[in-house]
Amino acid sequence: MLDGKKVLFSGMQATGNLTLGNYLGALKNWVSLADEYMCFYSVVDEHSITVRQDPAVLRKRSRALLTLYIAAGIDPEKACIYYQSHVSAHAELAWILNCFTYMGEMNRMTQFKDKSAKHADNINVGLFAYPVLMAADILLYQADLVPVGKDQTQHLEITRDIANRFNNIYGNVFTIPEPYIGKAGANIRSLQNPAKKMSKSDENPNASIYLMDDPDTIRRKFRRAVTDSEATICYRPEQPGIMNLIDIYCACTNKTPDEAVAEFSGLGYGQLKEAVGESVVELLAPLQQRCAELSKEKSYIDGIIKNNAEKAGYYANKTLRKVHKKIGFPERIR
């Protein structure tokens, strides 16, 4: 608890370009959480370097992502928006927690296996120990809650295991985080393969709508979206491509699937695609405009970066000092 509120932590990597799925499934929902919780929203740039990055591109994308958080409506006065790399306690605590994590636990991490297959030429220790850094991210702020998708549940479980192990040895040091179960974010699938979720790392550029795509690009991608040969607009698992288009339309318009099916009754797939494309264009227009405005306000963004790094550092270092004392590190002379 901080200032009478439960603490919630989440973050995104500044690799690739955020998609419509990232926005509707997570970022859009982060905005309202800051009214109820003390939220720490990190640009997790340290996680990003498990895969080789162009330094200039990483810096640019990190700033763009932090700016996007604000453009999406997150108030930097309510929530702490910061760069992970600007708070050294993340890396310091990760090393300590490595010493309380077992090889067998790391070997069971499915994401390491998946990413190793994709980056066989760079299977590094950072990639292997990725979940320990994630545990440090969460435990530093004594987070009560962590929003997690299906691909992150294993990482939260090991965070809880590490925290419990440490607490059993040294007493009540870390808050044991729980998964945040709130309003379900939209489950947006690939436009080219609805069996997969929409991903910023998809090699097919037509599979994903990126948040900064211009209107013509958005419309073109929806025209190319995979459907089927049934020529009937129904909301059912047997038509995953149509279900995905309806899910996107409903997420943008706040309509129910039944309302959407009724609206498009008797129309063709082409008309459905056009309507979905327009709904996405309208949804993203204010976000894109606000991003463009904020990108010109260098001193304003710089101020948020500086102030929130100090704020995050204050809370993170309180936990780190407690950990240092518990494990027997010499006290720092200030």
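**Inside the nonpolar core**

Tutor: Happy to! Leaving out residues up to four places away in sequence, Leu27 touches Met12, Leu18, Asn22, Leu68, Tyr69, Ala72 and Ile74 (contact: heavy atoms within 4.5 Å). Leu27, Tyr69 and Leu284 have the most contacts inside the largest nonpolar core, which has 60 residues. Such a core is a set of buried Ala, Val, Leu, Ile, Met, Phe, Trp, Tyr and Cys residues joined through side-chain atoms within 4.5 Å; buried means under 20% relative accessible area, exposed over 50%, partly exposed in between (1.4 Å probe, protein chains only). With 10 residues, helix α13 gives the most to this core. Apart from it lies another core, of 41 residues, with Leu2, Ala136, Tyr141 and Phe166 among them.

The model is predicted: local features need pLDDT of at least 70 and side-chain atom pairs pLDDT 80 or more, while totals for chains, interfaces and linings use all residues. Residues are numbered from 1 along each chain as its sequence is written, and side-chain values use heavy atoms, without hydrogens and water.

Helices here are DSSP runs (H or I, at least four residues), numbered from the N terminus. In α10, residues 215-223, the buried positions are Thr217, Ile218, Lys221 and Phe222. Down the helix axis, these buried residues fall within an arc of 130° (directions from the axis to the C-beta atoms), so they line one face of α10. Their cover includes α11 (240-253) and α13 (269-295).

As for cysteines, Cys250 is buried at 9% relative accessible area, and Cys291 is buried at 10%.

Methods:
Helix = DSSP H or I, 4+ residues; strand = E, 2+ residues; numbered from the N terminus.
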